[in-house]
Amino acid sequence: MAKKVLFAASEVYPFAKTGGLADVAYALPRALDCDVEVIMPLYSCVNREKYLITQEKTFEISMGGNTYPIEMFGCTHEGMNYRFVYSPILCDPEFLYGTSCADYGNNAIRFGLFCHTIVTVLKDENYDVVHLNDWQCGLVALLVHDDPQIATKTLFTIHNLAYQGTFNASAMSELGIHGDHFTMEGIEFYDQMSFMKAGISYCDALTTVSPTYAREILTPEFGCGLDGFLHQHRSKLQGIINGIDSNHFSPVSDTALVASYHDAKGKKASKSDALKTLGLKGATKPLFVFVGRFVAQKGMDMLIEALPKIAAMECNVALLGEGEEGYHEALSDLSARYPTIHLTFGYDEALSHRIYAAGDFLLMPSLFEPCGLNQMIAFAYGAVPVVHRVGGLADTVKKIENFDAESTDGFGVVFNTPTARSLLAAIKKACTLYAEKKQYETIVNHNMKGDFSWAKSAKAYSAIYERVSNG
Ligand code: ADP
């Protein structure tokens, strides 16, 4: 019989999104062959009217001696059942996690309350498995472990180990967590408490979002201080590659585009539209695009160092993103200085689709990348990825030097060392490829036909649900 699964995430497209987790929380539940419900906070940015989100019940939660009002909401969207947790402290702030300068100071309480509410839902209803995503849900694993009344099994997925939810140890009492858990084997992390460790330590099964990242996080270079701890839990760790929703990311049906297309030649209209909108000149020059968060992880330092030299090449660059103030300033300076570099600051889903469609190449020089979705979106829209060979990028982007028309892999320009020099060499290689029109179009057409959907990985998750709930 299909397993009953509660899929918990702090962001879910189309309700609230800051990055790839929201895409995963949208697409994976639909690809599963299970009875799934998705649960997330009902932030103030979620459009209740548009998605017909209605109240289901209200109750109170006591946590660490305080009582918090909870309102549960729900809706069905595109055939999927969504449940929302509303409480003023969790949902009323303007942003999900904080401003561009700092995270909110009460995030331990905010997401602790989210976790306690999920546990209340598990107590009231019989779920076989709760699938917990990232640190914001980590405490659920500990609370379920501590409660003999709950039979639900826990799967914890690490989407990015760099964000761990570590807080002052004093938060433990406010969260109603017993002091016994404050050990190295439990949730203590350098005298602080860690939501991420709670998830890793107490879950029944542990996954991360690509096989290479699953290996990398066991090393000091990528382990963010948790490599030793992860080694202890290695037997339950598995790397499963993310996919993309092939209906949502499809240039054939994407309403954000000026013209739909299904091959390299069809991209022309999107490219000229974007160049015009962004004020860039030269439709015959390759257009390199970047879509993402302006943070060190995404290789911003490397890119900023390389950009003046890229600007001297026969190409255009369009960047869309938001993130840290310092990077924004440096990029603003560069785009003011060079007419071939265009910067759009902000988060814009529709524009991002137009940029993927317009781009001849997608730049992804990430220092580390748990999985990365942009490169798969780029395959679908016919932009050839230029990537640092790390994490999920190493698993999903094969070197064009090894191009094999028979293979089902996607191909791109891959470089091994995360330096501005290597990035520039990769960009030169991309420009050379672009000049060989026929070869370039062959690769684009091959990538566009690839299957980067969730089909295979959803089966791997279903197998874990089966295993833990039968075990
Ligand atoms: P992350 O590390 O940010 O989660 P991923 O590659 O896993 O990176 O996923 C990023 C997702 O967010 C993709 O769907 C990408 O198109 C989208 N995205 C990132 N920044 C922006 C932006 N500024 N505007 C629109 N979409 C964005």
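**Ground rules.** I count two strands as paired if DSSP finds at least two bridges between them. Helices (H or I, at least four residues) and strands (E, at least two) are DSSP runs, numbered from the N terminus. The model is predicted, so I noted that local features need pLDDT of at least 70 and side-chain atom pairs count only at pLDDT 80 or more, while totals for chains, interfaces and linings use all residues. Residues are numbered from 1 along each chain as its sequence is written, and side-chain values use heavy atoms, with hydrogens and water left out.

I then followed the chain between the strands. Strand 6, helix 4 (residues 138–146) and strand 7 form a right-handed β-α-β unit. Right-handed here means that, with the strands pointing away from the viewer, the path from the first strand over the helix to the second runs clockwise.

Why is strand 7 largely enclosed by the rest of the structure? Because 5 of its 6 residues (153–158) are buried. Buried means under 20% relative accessible area, with exposed over 50% and partly exposed in between (1.4 Å probe, protein chains only).

**Entry 1: a hairpin.** I moved on to strand 3 (residues 54–63) and strand 4 (residues 66–77), which pair antiparallel over 9 bridges. Met-63 sits opposite Asn-66 of strand 4. The hairpin has 2 residues between its strands, and Gly-64 takes a positive phi near 55°.

**Entry 2: the second largest pocket.** Next I searched for space on a 1 Å grid over the protein atoms alone: a cavity is a set of points where a 1.4 Å probe fits but cannot get out, a pocket is an open set with protein on both sides within 12 Å along at least five of seven lines, and lining residues have an atom within 4 Å of a point. Grid points are joined across faces, edges and corners, and a volume is the space filled by probe spheres set on the points.

The second largest pocket has a volume of about 540 Å³. Of its 19 lining residues, Ile-241, Asp-451, Phe-452, Ser-453 and Lys-456 lie nearest the centre. Helix 14 (391–396) and helix 17 (455–470) are the elements that give two or more residues to this lining, and helix 17 has the largest share, 4 residues. Domain 1 (4–243 + 454–470) and domain 2 (264–448) each contribute at least three residues to the pocket lining; the bounds come from an automatic or database domain assignment.

The largest cavity holds about 50 Å³ of space. Its lining includes Asp-23, Tyr-26, His-248 and Trp-454.

The second largest cavity holds about 40 Å³. Among the residues lining it are Phe-290, Arg-293, Lys-298 and Glu-369. Strand 13 (287–294) and strand 16 (361–364) each supply at least two lining residues, with strand 13 giving the most, 4 residues.
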